[in-house]
Amino acid sequence: MSTYVSKEITAELDAARIAGLKKISRLRVDIGDNTYKILRLWKNGFTVEAETTPQLRGLVDIYDGVSHLYQCLIIADEDEAGEMRYEFKRSTAAADKAPLDFYRAPDAPIALLGHKD
């Protein structure tokens, strides 16, 4: 017994799967002034909808809602089942403050208060 699924049915199933992923995902990728929904994210890359997203390339920012997660350098990998997959060449976690260039002791005072006469 062989199973055959027509191209139309396969396309509809892919569209329904992508619509479900878009509905539950809070992740987005920003490149310039444009924002696109991320369908799946993993350690080495992410996917976006191939039909509505133009070819992305270069430095992008990845957000979860309003939280900035990563700044990444990306390259396109492959288009599979309606999803365009991108791989990270570099991925840097975003921080809300500048990194220190010196060692700060855990018990160091936050500020020194004094009174000058």
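Modeller: Helices and strands here are DSSP runs (helices are H or I with at least four residues, strands are E with at least two), numbered from the N terminus. Leucine 13 is found in helix H1, which covers residues 7–24. This is a predicted model, in which local features need pLDDT of at least 70 and side-chain atom pairs count only at pLDDT 80 or more, while totals for chains, interfaces and linings use all residues. Residues are numbered from 1 along each chain as its sequence is written, and side-chain values use heavy atoms, leaving out hydrogens and water.

Biologist: Why does leucine 13 count as exposed?

Modeller: Buried means under 20% relative accessible area, exposed means over 50%, and partly exposed is in between (1.4 Å probe, protein chains only). Leucine 13 has 54% relative accessibility, so the word exposed applies.

Biologist: Which residues does lysine 89 touch?

Modeller: Contact means heavy atoms within 4.5 Å. Leaving out residues up to four places away in sequence, lysine 89 touches Leu73 and Ile75. The C-alpha atom of lysine 89 is also 8.4 Å from that of asparagine 44, a residue 45 places apart along the chain.

Biologist: Now for charges. How many salt bridges does the structure hold?

Modeller: There are 6 salt bridges. The term asks for a side-chain nitrogen of Lys or Arg within 4 Å of a carboxyl oxygen of Asp or Glu. Side chains of opposite charge can pair when their charged atoms come close.

Biologist: Which parts of the chain does the pair of glutamate 83 and arginine 40 link?

Modeller: Those two side chains form a salt bridge at 3.1 Å, N to O. The pair joins strand S6, which holds glutamate 83, to strand S2 (residues 34–42), which holds arginine 40, 43 residues apart. Glutamate 83 is called buried because its relative accessible area is 6%. Arginine 40, at 40%, is partly exposed.

Biologist: Which residue forms a salt bridge with arginine 85?

Modeller: Aspartate 77 does, with the closest N and O atoms 2.9 Å apart. Salt bridges that share partners join Asp77, Glu78, Arg85 and Glu87 into one network. Arginine 85 counts as partly exposed because its relative accessibility is 24%, and aspartate 77 counts as partly exposed at 39%.

Biologist: Why is glutamate 49 called buried?

Modeller: Its relative accessible area is 13%, so glutamate 49 is buried. Glutamate 49 lies in strand S3, residues 45–49. Beyond its neighbours within four places in sequence, glutamate 49 is in contact with Ile18, Lys22, Leu39 and Gly82.

Biologist: With which side chain does glutamate 49 make a polar contact?

Modeller: With threonine 52, at 3.1 Å. A polar contact is a pair of N or O atoms within 3.5 Å; within protein, one must be able to donate a hydrogen and the other to accept it, and residues adjacent in sequence count only if both atoms are side-chain atoms.
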